[in-house]
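The structure is shown first, and the text then takes up each topic in turn.

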Amino acid sequence: MRIISVLLVGVLFLSIYLLAEQKFAWSFIFAFIAFCGIIFAVFLTQKNKIYQLIANATQEELEVLAMSDKEAKEEGFYREDNNSSLEGEKEKAKYRTFWGNFDKNSNKVGVKMFFMPFRLLAYAFLVVGFFILLKQDFLDIVGFFSGLVAANIIIVSFYFLSLGMKEFQSRLKS
């Protein structure tokens, strides 16, 4: 799947470069790569934060997290519409202790998450590259925003494809 995705992105870049004018192509390719770099940096930052929370969690919190995950999967199969929403909310509040650490003082956590070095480097790459393209007169705003939009579409579609592949693999196992 990864090899196919890299080949598809390479074909996209090559076709944009050959079929579009040079300014559009450079702006599109740079914006696409910079946005994918930002998404990768955000992913690594969040992944490291969650691993750190899991490493520092107590055994009780991990058991509650596993139980809530199991209940969430069962709830997807057996969703009932009854009027006991207050009781359901009280039960869900019990399972939020682990994730409460993630959202604790959310303003401070959010600011700390934004100012992670790898993430700042990705944003700096986007800003510096934008100004370099502007100074060298290679910036095409339509190409730049097209690259951002294409990166969004491709990342979301690969996400849904990976979910579909996981579901397909789970059906093969059963």
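## Nonpolar core

The largest nonpolar core has 22 residues, of which Phe-13, Phe-28, Phe-30, Phe-32, Leu-126 and Phe-144 touch the most other members. The elements giving two or more residues to this core are α1 (2–19), α2 (22–56), α7 (117–135) and α8 (141–173), and α2 provides the largest share, 11 residues. A nonpolar core here is a set of buried Ala, Val, Leu, Ile, Met, Phe, Trp, Tyr and Cys residues joined through side-chain atoms within 4.5 Å. Buried means under 20% relative accessible area, exposed over 50%, and partly exposed in between, with a 1.4 Å probe and protein chains only.

This is a predicted model, in which local features need pLDDT of at least 70 and side-chain atom pairs count only at pLDDT 80 or more, while totals for chains, interfaces and linings use all residues. Residues are numbered from 1 along each chain as its sequence is written, and side-chain values use heavy atoms, with hydrogens and water left out.

Leaving aside residues up to four places away in sequence, Phe-144 touches Ser-27, Phe-28, Phe-30, Ala-31, Leu-126, Phe-130 and Leu-139. A contact means heavy atoms within 4.5 Å.

## Fold

The chain has eight helices and zero strands. Helices (H or I, at least four residues) and strands (E, at least two) are DSSP runs, numbered from the N terminus. Of the 174 residues of the chain, 23% count as buried. Among contacts with a separation of 6 or more, 78% are between residues 24 or more positions apart.

## Largest pocket

The largest pocket holds about 910 Å³ of space. It is lined by 18 residues, and those closest to its centre are Arg-2, Ile-155, Phe-158, Tyr-159 and Ser-162. The elements α1, α2 and α8 each give two or more residues to the lining, and α8 gives the most, with seven residues. By class, the lining has 13 nonpolar, three polar and two charged residues. Ala, Val, Leu, Ile, Met, Phe, Trp, Tyr, Cys and Pro count as nonpolar, Asp, Glu, Lys and Arg as charged, and the others, Gly among them, as polar.

On a 1 Å grid over the protein atoms alone, a pocket is an open set of points where a 1.4 Å probe fits, with protein on both sides within 12 Å along at least five of seven lines; lining residues have an atom within 4 Å of a point. Grid points are joined across faces, edges and corners, and the volume is the space filled by probe spheres set on the points.

The structure holds one salt bridge, defined as a side-chain nitrogen of Lys or Arg within 4 Å of a carboxyl oxygen of Asp or Glu. Lys-23 forms a salt bridge with Asp-137, and their closest N and O atoms are 3.8 Å apart. Lys-23 lies in helix α2 and Asp-137 in the loop between α7 and α8, so the pair ties together parts 114 residues apart in sequence. Phi of Asp-137 is near 60 degrees, a positive value in a residue other than glycine.

Ile-141 is found in helix α8. The C-alpha atoms of Ile-141 and Phe-24 are separated by 8.1 Å, although these residues are 117 residues apart along the chain.

| Residue | Relative accessible area | Class |
|---|---|---|
| Lys-23 | 30% | partly exposed |
| Asp-137 | 52% | exposed |
| Ile-141 | 42% | partly exposed |
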